[in-house]
Amino acid sequence: MKWFLSAFGGFLLIALLFYLLFPGVPAIIYARHRFEYLNAKLTPYPFEGYGIMEDGKELTDCGMTLRVPESMHLNNPESNIRLYVSDGGESERVVIAFINQDEPRFEFVGENGFTQEEIDRGCRGIRREKPQNNYEMWDLIYNFTPEEYNYHKHGTWRFFINLLNMKETIYPAIGEVGYPFDTEKAKGFCFYYGKPHGEVRTYALLIELYDRENLNRKAAVMLKSEDFDALKEIANSAEIAAQEENE
């Protein structure tokens, strides 16, 4: 009995030391078995060599400016949906859908997100500076991997798991492949949102831009066409519009 109690006590002591020194290891083990996209990160933007559409025109809507085909026009002026289409056959037609954004806000702190305390403590546990705006929070979600998690830090495993849960939901929704997207006036992201499959022959790119002067202010657009080269040229022209043009 003494031998058993000594062995049991030794086991408890080892378990306690492990918990004190490595409290986040169980969360890492769980994450590696639970999440498919835990190591996903944005990769360098691949379309810079395509330039922009030289024979097009400038189009501004919903806080973003693009250079688009000359024939691009609003599909239904009476609708609140800002959908533009160009002339031409199916293989040449371009469709552009500007996405209306709500008033700028820090989307991840509040009733439906993290508390400020969770973010303050959680970011200390993932070796990251605390996000100060929407752009930095999205950049964290798109690029964070378990390698950055400080498994020695107590009280941060819940934030770590919740962050990976958000990443697991978001990456399939944005097409699984994304790139950082920087312009003179904005910082943002470009996503390879769709490619031909089955009877569908269209490509799609989703662009999100954040105003460098207000990184809570977001503009977004979806580009679709069978002509992938045209989409790359349009994407390369994307820029945040001046604030007065969005009012």
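A disulfide here is a pair of cysteine sulfur atoms within 2.5 Å. Keep that cut-off in mind for the cysteine view below. This is a predicted model, where local features need pLDDT of at least 70, side-chain atom pairs count only at pLDDT 80 or more, and totals for chains, interfaces and linings use all residues. Residues are numbered from 1 along each chain as its sequence is written, and side-chain values use heavy atoms, with hydrogens and water left out.

**View 1. The whole chain, before zooming in.** The chain holds six helices and ten strands, taken as DSSP runs numbered from the N terminus (helices: H or I, at least four residues; strands: E, at least two). Of its 247 residues, 42% are buried; buried means under 20% relative accessible area, exposed over 50%, and partly exposed in between, with a 1.4 Å probe and protein chains only. The accessible surface of the chain is about 14,200 Å², and 51% of that belongs to carbon and sulfur atoms (Shrake-Rupley method, 1.4 Å probe; for residues, only the protein chains shown count as cover). Take the contacts (heavy atoms within 4.5 Å) with a separation of 6 or more: 58% of them come from residues 24 or more positions apart.

**View 2. Cysteines without a disulfide.** Searching the whole structure turns up zero disulfides. Cys62 is buried at 13% relative accessibility, and Cys190 is buried too, at 0%.

**View 3. A three-stranded open sheet.** The strand order is β1-β2-β10, with antiparallel pairing; two strands pair if DSSP finds at least two bridges between them. At the edges sit β1 and β10 (239–240), each pairing on one side only. Between β1 and β2 (residues 64–68) there are five bridges. Look for Thr60, which stands opposite Thr65 in β2.

**View 4. Arg82 and Asp61.** These two side chains make a salt bridge at 2.8 Å, N to O; the rule asks for a side-chain nitrogen of Lys or Arg within 4 Å of a carboxyl oxygen of Asp or Glu. Arg82 sits in the loop between β3 (73–74) and β4 (83–85) and Asp61 in strand β1 (residues 57–61), so the pair ties together parts 21 residues apart in sequence. Arg82 is partly exposed at 23% relative accessible area, whereas Asp61 is buried at 11%. By this rule the count is four salt bridges.

View 5. Lys218 bridges to Glu208, with the closest N and O atoms 3.8 Å apart. Lys218 belongs to strand β9 (residues 214–225) and Glu208 to strand β8 (residues 203–211), so this pair links parts ten residues apart in sequence. Both Lys218 and Glu208 are buried. Arg217 and Asp211 also meet in a salt bridge, at 2.8 Å, N to O. Arg217 is buried with a relative accessible area of 4%, and Asp211 is buried at 9%.

View 6. Not counting residues up to four places away in sequence, Phe189 touches several residues, including Leu42, Trp138, Tyr142 and Glu208.
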